[in-house]
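Subject: Structure handover

Hello,

Here is the structure for your files. Notes on what was found in it follow below.

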Amino acid sequence: MSSAGRPRGRRRDPSIDARVLRAAVDELAERGIAGFSTNNVAARAGVDKRGIYARWPDRDRLVVDALGTLAAGLTVPGTGALRADLLAIVPAVAAVFTSPRLEILQRCVQEAQNHPAIYAGFRRDFIDHCMAVVEDVFRSARHRGEIPGTVDPELACEAFLGVLLTRVSFSGEASILDSDRQHAIVDFFVTTLEPREPAPT
């Protein structure tokens, strides 16, 4: 492409995006969604407000993307084995259930129900997406015959996430952040769900 055909202007600085999103999370933690101010975010991030509007013309989208940085951001590991897939995703999922991420998310998700566009966007782009990834891990394992065909991937996903949330709620963050304990949780699910040989008659 000739120089005449190249877009004019400065190249987008990804570090500004990261600073703005961190500042937006701090703003949400302090003020919630109702008190969220783009002007405050600009001041916290040390950027011009126009730079924020160039990236996020819509305030709701900035809130959604800020909350999204607290989500797990999962992708399907595709290792070909249930145990390896679960071990690949459990650290990112466990990190969501720790302080202060969990408290900010719980507060904002509850408040977001009064802001339908924010709630729908966050649920679609982050909650539903992460759930779909975990479900896909169990669905692929069922397809490979690692777990019985009767296992519901949606229920298996909810049980897996529920164990992590329950453990952190009653036993503290170390119970899900420690590598050995993560392996123990994964091994429990793999062992519990693996097909059983029919009992001798």
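Arg 44 and Glu 30 form a side-chain salt bridge, at 2.9 Å from N to O; a salt bridge here is a side-chain nitrogen of Lys or Arg within 4 Å of a carboxyl oxygen of Asp or Glu. Because Arg 44 lies in helix 2 and Glu 30 in helix 1, the pair ties together parts that are 14 residues apart in sequence. Helices are DSSP runs of H or I with at least four residues, strands are runs of E with at least two, and both are numbered from the N terminus.

This is a predicted model, in which local features need pLDDT of at least 70 and side-chain atom pairs count only at pLDDT 80 or more, while totals for chains, interfaces and linings use all residues. Residues are numbered from 1 along each chain as its sequence is written, and side-chain values use heavy atoms, with hydrogens and water left out.

Arg 44 also has a salt bridge with Glu 27, where the closest N and O atoms are 2.8 Å apart. That pair again links distant parts of the chain, with Glu 27 in helix 1 (residues 14–31) and Arg 44 in helix 2 (residues 38–45), 17 residues apart.

Glu 27 is buried at 0% relative accessibility, Arg 44 is partly exposed at 36%, and Glu 30 is exposed at 51%. Buried means under 20% relative accessible area, exposed over 50%, and partly exposed in between, with a 1.4 Å probe and protein chains only.

In total the structure holds 14 salt bridges. Another of them joins the side chains of Arg 124 and Asp 125, at 2.9 Å from N to O. Arg 124 is partly exposed at 48% relative accessibility, and Asp 125 is partly exposed at 26%. Elsewhere, salt bridges with shared partners join Glu 27, Glu 30, Arg 31 and Arg 44 into one network.

On the record side, an unreviewed UniProt entry annotates residues 37–56 as "DNA-binding region"; UniProt positions are given in the numbering used here, feature names are shortened, and annotations may be inferred rather than shown by experiment. Residues 37–56 are 75% helix and 0% strand, with end C-alpha atoms 13 Å apart.

Lastly, Phe 97 sits in the loop between helix 5 (82–96) and helix 6 (101–112). Phe 97 is buried, at 15% relative accessible area. Leaving out residues up to four places away in sequence, Phe 97 touches Leu 102, Leu 161, Leu 164, Leu 165, Val 168 and Ile 176, where contact means heavy atoms within 4.5 Å.

Regards
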